[in-house]
Amino acid sequence: MTFEGVLESLGKELGLPFEIENGTAGFEASFGDDGEEPVSVEISSEGDDGFVVVSADLGELPPDEIEASATRMLEANHLFAGTGGSSLSVEGDHALLERRVRLEELSRGEGANVIYPFIASALSCRRNLLELVPSEK
């Protein structure tokens, strides 16, 4: 199955109409009405090797807490103990949670079993590890 076909199927499963642009589709995600700000999630094709990258932008790192945040991120990355099997990283001044997933894992009508735990991990990491600067909306 192609990346586009998998995302079409996954979009139906999740109730999200994905628009793919330059090999990437994105959406905002949170759980319930707890007032927590959603995370931005992207799913990107990796080329012809049968993998995709699922990525969540956790927000801007606080300028005066970068070293402490980086330490907490490294500790959470150790054996994926605090990340649910994903990896925390930094791009510019933003923290990211990323996971490389086989395309077929999203294509069996069970993609929610990959995406929902990833979203839960992203929200948990943002809430418990990073002490991020609130975004301005």
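Buried here denotes a relative accessible area under 20%, exposed one over 50%, and partly exposed anything in between, with a 1.4 Å probe and protein chains only. Strands (E, at least two residues) and helices (H or I, at least four residues) are DSSP runs numbered from the N terminus. The model is a predicted one, in which local features need pLDDT of at least 70 and side-chain atom pairs count only at pLDDT 80 or more, whereas totals for chains, interfaces and linings use all residues. Residues are numbered from 1 along each chain as its sequence is written, and side-chain values use heavy atoms, with hydrogens and water left out.

Strand β3 pairs with strand β2 (residues 39-45) in the antiparallel sense, over six bridges; two strands pair if DSSP finds at least two bridges between them. Within this pairing, Ile43 has Val54 of β3 as its bridge partner. Strand β3 is also joined to strand β5 (residues 94-102), again antiparallel, by nine bridges.

Strand β4 (residues 87-91) runs antiparallel to β5, and five bridges join the two. Ser89 stands opposite Leu96 in β5, and Glu91 has His94 of β5 as its bridge partner.

## Aromatic and charged groups

The charged end of Arg100 sits over the ring of Phe51, at 3.9 Å from the ring centre. The criterion for this arrangement is that NZ of Lys or CZ of Arg is within 6 Å of the ring centre and within 35 degrees of the ring normal.

A pair of aromatic rings is described by the distance of the centres and the angle of the planes. Rings of Phe, Tyr and Trp (its six-membered ring) pair if their centres lie within 6.5 Å; planes under 30 degrees apart count as stacked, over 60 as edge-to-face and the rest as tilted. The count by this rule is one aromatic pair.

## Helix α1 and the segment before it

Helix α1 (residues 3-14) comprises 12 residues and reaches 16 Å from its first C-alpha to its last, close to the 16 Å expected at 1.5 Å a residue. That expected span is 1.5 Å times one less than the number of residues. The buried residues of α1 are Phe3, Val6, Leu7, Leu10, Gly11 and Leu14. They cover an arc of only 135° around the axis, and therefore lie on the same side of α1; the arc is that of the directions from the helix axis to the C-beta atoms. An α-helix has 3.6 residues a turn, so residues three or four places apart point the same way.

Just after α1, Gly15 adopts a positive phi of about 75°. Thr2 belongs to the segment before α1 and counts as partly exposed, at 48% relative accessibility. Thr2 and Ser45 are 43 residues apart in sequence, and their C-alpha atoms are 9.7 Å apart in space.

## The loop between α2 and β4

Leu79 is found in the loop between α2 (66-77) and β4. Leu79 has a phi near 55°, a positive value in a residue other than glycine, and is exposed, with a relative accessible area of 70%. Phe80, found in the loop between α2 and β4, also has a positive phi, near 60°, and is likewise a residue other than glycine. Phe80 counts as partly exposed at 42% relative accessibility.

Ser86 lies in the loop between α2 and β4 and counts as buried, at 1% relative accessibility. Not counting residues up to four places away in sequence, Ser86 touches Asn77, Phe80, Leu97, Glu98, Arg99 and Phe118, where contact means heavy atoms within 4.5 Å. Ser86 and Pro17 are 69 residues apart along the chain, with 25 Å between their C-alpha atoms.

## Ser121 in helix α3

Ser121 is found in helix α3 (residues 112-130) and counts as buried at 15% relative accessibility. With residues up to four places away in sequence not counted, Ser121 touches Thr83, Gly84 and Leu97. Leu97 is also among the residues that Ser86 touches.
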